Amino acid sequence: MIIPDYNDERLLFGMLIKSANKLQVIGDRLFEEITMKQWFVLAMLEVFREEDPTLNELATMVGSSHQNVKQLVLKLQEKGYVDFYEDPKDKRKRRIKATGKWKEVEVKYTEKEETHMKAIFQGVDPRALNDAVQVMLQITKNLEEMKSDE
């Protein structure tokens, strides 16, 4: 691979975009029933332990627009992986909940996901991985600040 003579920030920026594209392509081959983006939305639903999220809350967690996440969730609903329900405390809110069908898929692919993750991170030193996580946390924080400046 020929690496252009750019500074580290530009190289990392380009590599993140390229890696994201490759992760999606490879991830789309991982599951028969759902796409990688749909998988990510379902995985993010699990972050909400105490109360199922609204569409806006889920979009924030996914890091995508309300409209993009809505389209993904509607497709997941058509496939039977999520349901909407009225918030019992606030009738104006609709919450999203994963169904038993998603739990079945999750169990079905547990081993395949583990193999997939090990392959992605093969040869990566745990300290380097921790450093990378810290860099991504800072980049995420910076992006959130840039978003709020709009």
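Residues are termed buried at under 20% relative accessible area, exposed at over 50% and partly exposed in between, using a 1.4 Å probe and protein chains only. The structure is a predicted model, in which local features need pLDDT of at least 70 and side-chain atom pairs count only at pLDDT 80 or more, while totals for chains, interfaces and linings use all residues. Residues are numbered from 1 along each chain as its sequence is written, and side-chain values use heavy atoms, with hydrogens and water left out.

**Figure 1. Overall architecture of the protein.**
The protein contains seven helices and two strands, where helices (H or I, at least four residues) and strands (E, at least two) are DSSP runs numbered from the N terminus. Their order from the N terminus is α-α-α-α-β-β-α-α-α. Along the principal axes, the C-alpha atoms fill a box of roughly 55 × 40 × 25 Å. Of the 150 residues, 23% are buried. Among contacts (heavy atoms within 4.5 Å) with a separation of 6 or more, 49% join residues 24 or more positions apart.

**Figure 2. The aromatic cluster of Phe31, Trp39 and Tyr109****.**
A pair of aromatic rings is described by the distance of the centres and the angle of the planes. Rings of Phe, Tyr and Trp (its six-membered ring) pair if their centres lie within 6.5 Å, and planes under 30 degrees apart count as stacked, over 60 as edge-to-face and the rest as tilted. The phenylalanine 31 and tryptophan 39 pair is stacked, because the ring centres are 6.3 Å apart and the planes lie at 20°. Phenylalanine 31 is buried, at 4% relative accessible area, whereas tryptophan 39, at 22%, is partly exposed. With centres 5.0 Å apart and planes at 70°, the rings of phenylalanine 31 and tyrosine 109 form an edge-to-face pair. This second pair links distant parts of the chain, 78 residues apart: phenylalanine 31 belongs to the loop between helix H1 (8-30) and helix H2 (36-45), and tyrosine 109 to the loop between helix H5 (100-108) and helix H6 (110-120). Tyrosine 109 is buried, with a relative accessibility of 3%.

**Figure 3. Charged side-chain ends over aromatic rings.**
A charge sits over a ring if NZ of Lys or CZ of Arg is within 6 Å of the ring centre and within 35 degrees of the ring normal. The charged end of arginine 94 sits over the ring of phenylalanine 84, 4.3 Å from the ring centre. Likewise, the charged end of lysine 101 sits over the ring of tyrosine 81, at 4.9 Å from the centre.

**Figure 4. Surroundings of threonine 99.**
Threonine 99 is located in the loop between strand S2 (94-98) and H5. Its relative accessible area is 13%, so threonine 99 is buried. Apart from neighbours within four places in sequence, threonine 99 is in contact with Gly80, Tyr81, Val82 and Asp83.

**Figure 5. Helix H2 and histidine 116.**
H2 is mostly covered, with seven of its 10 residues buried. The buried residues in H2 are Met36, Gln38, Val41, Leu42, Ala43, Met44 and Leu45. Histidine 116 lies in helix H6 and is buried, with a relative accessible area of 15%. Not counting residues up to four places away in sequence, histidine 116 touches Ile26, Leu30 and Met36.
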